[in-house]
Amino acid sequence: MTKNKYLEKCRAFMARANRLFNLGFRSEASYYQMEAKNYAASEFKPFNTTEIEIDIAIEMETLMIAPRGHLGFSVIGNKDARTTWLQWRWSLPREIEARKQRIFKLGHILETEVINILRLSGTTILEIDPVTQTQWQFTPDGFGGHFGGSMDGAIQGLAETPDWAVLEVKGLKEQAWKLLKKEGLKNFSPAYWGQCQCYIAASGMAIAFFIAYNKNTSEIYTEIVHTEAYAWAGYLSRAENLITREDAPPSAFPSRDYFEIKRYKNKEYQAVYWGEQLPPKAHCRNCLKGCPILEGSGGKWACKRSGEVLPIARQWEGCKHHLWLTSFIQASVINISDDSVEYNMNGKSFHNSSEPLSDPKKQLYTSNELIAYSQGGWILFDDDNVKRLQDEFNARILPTTQTVNTERSR
Ligand code: SF4
């Protein structure tokens with residue numbers, strides 16, 4: 001057995017664990033997690049099994065943690081608002097691949113190193129807000145705490161200016177770093193540039209100091225970012241739109257063939273992004289009954305069904321009453337009632353309901369069943385054999401094993 005085949009097999013166990021975890025079957029997920037570990041430690045000893053153990057541990061740790069709750073300053077400048085909305089609604093396949101997680105973790109370590117070398121050059125850096133004695137955090141008024149960001153630091157003593165400036169640090173791969181150097185920050189990354197604009201406006205400082213570290217060659221690139229009129233107002237308005245809408249905005253990419261999605265994202269991601277497949281996990285952020293609370297602070301979400309305020313972990317868990325936000329289903333809405341939504345897809349009527357198959361004639365499907373149908377391109381929807389199995393045996397269709405989202409690296 002080649003090393004790749006061996007890794008493939010271990011990953012298949014992990015992928016099954018991921019899918020089951022998404023569906024709320026925690027003990028079954030643990031079983032497959034153990035299977036992956038056992039497989040790694042079993043008769044196949046030619047490879048370093050600790051490698052596999054590390055990957056499993058990192059990926060399972062990532063899966064257990066709910067995604068970030070708020071709409072961040074770091075993504076508001078993203079040129080594709082559809083991606084930003086789908087991310088905020090936790091509805092794109094997650095990047096859980098262990099290698100990617102290690103890259104993120106290394107980014108934090110690199111940030112500390114960059115701050116060290118900046119201090120060495122004679123600058124003063126405050127990583128903690130002296131007023132609150134916590135990390136610099138900004139949550140503009142009027143969004144219920146759903147929009148905000150955490151600044152890397154404030155810096156003073158730069159050769160370019162005696163004033164305090166926002167400090168923004170990034171680690172980039174060679175190719176991206178070279179592009180940044182050639183094009184400047186605004187053209188290279190509207191998202192990074194937008195992040196600087198947000199921190200400038202929210203902190204009241206006049207400029208930002210952006211520093212990018214080349215992870216391949218250890219070269220550095222620096223740029224002073226000046227405030228741009230109306231940029232902040234534009235981001236506030238975009239944040240309001242994204243937080244309050246219940247459907248994904250149109251894509252900024254001209255077609256499915258556009259390289260940013262087609263080249264760098266896997267098939268599952270592409271299908272969910274373009275609305276052909278439902279998100280891999282049903283939870284409160286993509287439920288018809290879940291809604292962000294815009295009053296107060298803390299970025300709270302509530303369930304309109306139970307009236308409860310939902311902590312982040314509960315939002316990620318969802319519940320058996322989940323109904324898809326209607327914008328996720330590519331079908332016409334016929335009727336919405338308390339516990340079900342009736343749709344028409346190509347002349348066929350069906351219900352997304354929390355009561356599975358209590359009346360087969362009505363074609364009631366839970367949200368998880370609809371994920372399964374969407375993963376098959378909705379073909380089984382019209383399959384007579386499937387209907388017979390449902391009618392005679394009360395059979396259910398569940399989503400298949402999820403592919404680990406291995407976004408290809410740039
Ligand atoms: S019905 Fe369930 S899944 Fe939907 S918002 Fe309420 S608690 Fe969340």
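How many bridges join strand 16 to strand 17, and do these strands run parallel or antiparallel? The views below are of a predicted model.

**View A. Open sheet of four strands, in the order 14-15-16-17.** The pairing in this sheet is mixed. Because strand 14 (332–336) and strand 17 (364–365) stand at the edges with a single partner strand each, one side of each has no neighbour in the sheet. Strand 16, residues 348–353, is joined to strand 17 by two bridges, and the two run parallel. Across this pair, leucine 364 of strand 17 lies opposite histidine 351.

**View B. Hairpin of strand 9 and strand 10.** Strand 9 (residues 207–214) and strand 10 (residues 220–226) run antiparallel and are joined by seven bridges. Tyrosine 213 has isoleucine 220 in strand 10 as its bridge partner. Five residues lie between the two strands, and in the turn serine 218 has a positive phi of about 65 degrees.

**View C. Open sheet of three strands, in the order 11-12-13.** Pairing here is antiparallel. Strand 11 (290–292) and strand 13 (309–310) are the edge strands, each with a single partner strand, so one side of each is left without a neighbour in the sheet. Two bridges pair strand 12, residues 301–303, with strand 13 in the antiparallel sense. Tryptophan 301 faces leucine 310 of strand 13.

**View D. Residues around the ligand.** By class, the shell has four nonpolar, five polar and two charged residues.

Terms used. Residues numbered from 1 in each chain as written. Predicted model: local features only at pLDDT ≥ 70, side-chain atom pairs only at ≥ 80, totals over all residues. Pairing = 2+ DSSP bridges. Near = placed C-beta within 6 Å. Nonpolar A, V, L, I, M, F, W, Y, C, P; charged D, E, K, R; others polar.
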